[in-house]
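Subject: Structure handover

Hello,

Here is the structure for you to look over. My notes follow below it.

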Amino acid sequence: MGKRQQLSINFALKKCPCTQEDRISQLPDDILVYILSFLTIKEATYTSLLSKRWLPVWKYIPRLDFDATEPLHQVFLNHKLRKMHMKKYVRWVNRTLHKCEVHRLDQFRVCFDLNKFAQHEIDKWLEFAIARQVQRLELDLLKGGKETRDFEYCYTFPAQLLGLNHKLPPLWHNFLSVKVLLLKSVNVTGEVLEFFLHNCPFLEEMVVHGSGTLVNLQVIGPSLKLKHLEIWRCQCLESLKIHDTNLVTLVASAATKLLLSNALMLIKVEIVGAFRPILKDILAPISCVLSQLEVLKITSSDGLVLGNYKFPEFTKLKKFVVHVFAWRDTSLLGCTHVIGAAPLLEEFELKLVWFKPLRVKRECKKMVSCPLRNLKVIRLCGYFGRTCEFELVKYFLENAIVLEKIIIDPRSQIVTPVLSLSTIEMEQMSRNFAKLQLEGEVPPRIELVIL
């Protein structure tokens with residue numbers, strides 16, 4: 001049982017012959033509000049049913065998390081039912097905000113399938129949050145709670161709320177408190193994002209997914225407090241310039257648009273390659289930080305091409321993740337060149353998205369022996385039982401001196417609300433292949449986990 005459910009049950013205390021008094025209800029308001037802040041807004045409102053003492057308490061909780069994506073999984077393919085749930089969600093948020101009496105917000109989160117047709121309502125919600133000096137502002141409006149939507153249907157962040165028409169809004173000073181800004185399936189411009197960067201002195205995290213109006217963004221200057229930047233699936237992006245910053249984590253899906261320099265604190269990078277990518281071309285935009293990275297994740301929609309390239313040494317890399325499409329029996333051994341150039345690597349993870357995978361009977365290829373002295377954990381997700389996957393495992397068994405664990409996950413890596421019968425059957429077949437191929441190959445000293 002989750003902590004939230006347990007808390008909800010614990011709150012439902014009633015007087016009974018064995019209980020002389022309800023001591024929780026006698027606690028000061030501040031403590032009760034603090035306790036309720038660990039619940040979702042829906043769970044917190046239920047406590048008002050306990051007694052008159054509890055009736056007003058939830059109205060003062062500083063965390064308003066309106067997450068209601070669960071029913072979307074059940075009606076993902078039914079447009080009418082989804083529309084009905086959208087209207088119900090808007091009414092719920094409006095009704096809740098009307099009753100709230102909190103003066104400051106630690107978090108304001110909208111997490112639901114909403115589009116441009118809810119522009120007016122979401123604008124009002126933003127005004128409510130900004131007026132209360134919100135610290136964590138999240139608009140997660142993904143389609144079905146999972147996917148970025150077509151740009152023309154996205155909600156648009158209201159630039160006028162920030163006074164970008166050269167007239168300062170009456171709530172100007174309230175933006176200073178923002179520490180986290182998360183926008184998914186929200187159209188937002190570089191001008192708006194740069195406003196937050198330069199006017200929110202405590203801003204440490206910025207996440208933007210699926211914006212159709214983000215063209216240029218500059219993250220420049222050591223005075224910025226930003227530690228985490230994530231710009232993902234913004235198809236109209238032409239330039240992302242990062243210079244002289246204190247960034248620690250960077251996630252960017254447009255490697256060719258990235259201009260990176262003087263990012264001395266950067267230790268974790270996730271980057272996406274273009275169609276038919278050559279590995280050196282993916283790494284080129286981040287070449288200035290390769291020697292300082294501790295975590296590197298590469299995503300490619302069409303495999304990885306090695307090319308004639310001598311990799312620099314990844315002197316601090318501890319975790320390497322590769323996310324690629326499983327196309328026919330395309331070799332995966334190219335990624336071992338990065339692994340071999342990372343003497344401190346401890347963990348390697350490969351995520352395979354099935355796209356016409358094909359099992360071919362052939363001899364396993366062999367790479368030049370390269371002792372991997374620190375590699376301890378291997379995780380292969382989307383394992384299909386292809387020869388190219390099996391030969392990669394054999395490479396690790398032959399070269400990873402201190403290998404402790406191999407995790408094989410044969411489940412599909414494509415995120416869908418409902419799994420088809422054919423996908424379930426394919427997963428089970430892949431699981432059987434994994435057992436057949438690996439159980440006799442992996443020595444007892446190495447833990448083999450097949451999920």
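Which residues does Asn-399 touch, not counting residues up to four places away in sequence? They are Ser-369, Cys-370, Pro-371 and Leu-372. Contact here means heavy atoms within 4.5 Å.

Two points before the rest. This is a predicted model, in which local features need pLDDT of at least 70, side-chain atom pairs count only at pLDDT 80 or more, and totals for chains, interfaces and linings use all residues. Residues are numbered from 1 along each chain as its sequence is written, and side-chain values use heavy atoms, with hydrogens and water left out.

Single buried residues

Asn-399 belongs to helix H10 (residues 387-399). Helices (H or I, at least four residues) and strands (E, at least two) are DSSP runs, numbered from the N terminus. Asn-399 has 4% relative accessibility, so it counts as buried. The cut-offs are these: buried is under 20% relative accessible area, exposed is over 50%, and partly exposed is in between (1.4 Å probe, protein chains only).

Ser-177 sits in the loop between strand S4 (155-156) and S5. Its relative accessible area is 17%, so Ser-177 is buried. Ser-177 touches Gln-133, Val-134 and Gln-135, leaving aside residues up to four places away in sequence.

Leu-32 lies in helix H2 (residues 29-36). Leu-32 is buried too, with a relative accessible area of 0%. From C-alpha to C-alpha, Leu-32 and Tyr-60 are 9.8 Å apart in space. In sequence, 28 residues separate Leu-32 and Tyr-60.

The open sheet

Three strands make an open sheet, in the order S8-S10-S12, with parallel pairing. Two strands pair if DSSP finds at least two bridges between them. Strand S8 (216-220) and strand S12 (258-261) are at the edges with a single partner strand each, so one side of each has no neighbour in the sheet. On average, neighbouring strands of this sheet are turned by 5° against each other, direction ignored. Axes are lines fitted to C-alpha atoms, for helices over the stretch in contact, and angles run from 0 to 180 degrees between N-to-C directions.

Strand S10 (residues 239-243) and S12 run parallel, joined by four bridges. Leu-240 has Leu-258 in S12 as its bridge partner.

Helix H7

Helix H7 (residues 190-199) has these buried residues: Gly-190, Val-192, Leu-193, Phe-195, Phe-196 and Leu-197. What do the buried residues of H7 pack against? Strand S5 (180-184), strand S7 (205-209) and S8.

Strands S2 and S3

Five bridges pair strand S2 (residues 107-111) with S3, in the parallel sense. Cys-111 stands opposite Asp-140 in S3. Strand S3 (residues 136-140) is mostly covered, with four of its five residues buried.

Helices H5 and H6

Helix H5 (residues 79-99) packs on helix H6 (residues 119-131) at an angle of about 30°. Their axes are 11 Å apart. H5 and H6 are therefore roughly parallel to each other. Angles under 35 degrees count as roughly parallel, over 145 as roughly antiparallel, 65 to 115 as roughly perpendicular and the rest as oblique. The contact uses Tyr-89, Val-90, Val-93, Asn-94 and Leu-97 of H5. From H6 come Glu-121, Trp-125 and Phe-128. The residues of this contact are six nonpolar, one polar and one charged. Ala, Val, Leu, Ile, Met, Phe, Trp, Tyr, Cys and Pro count as nonpolar, Asp, Glu, Lys and Arg as charged, and the others, Gly among them, as polar.

Best wishes
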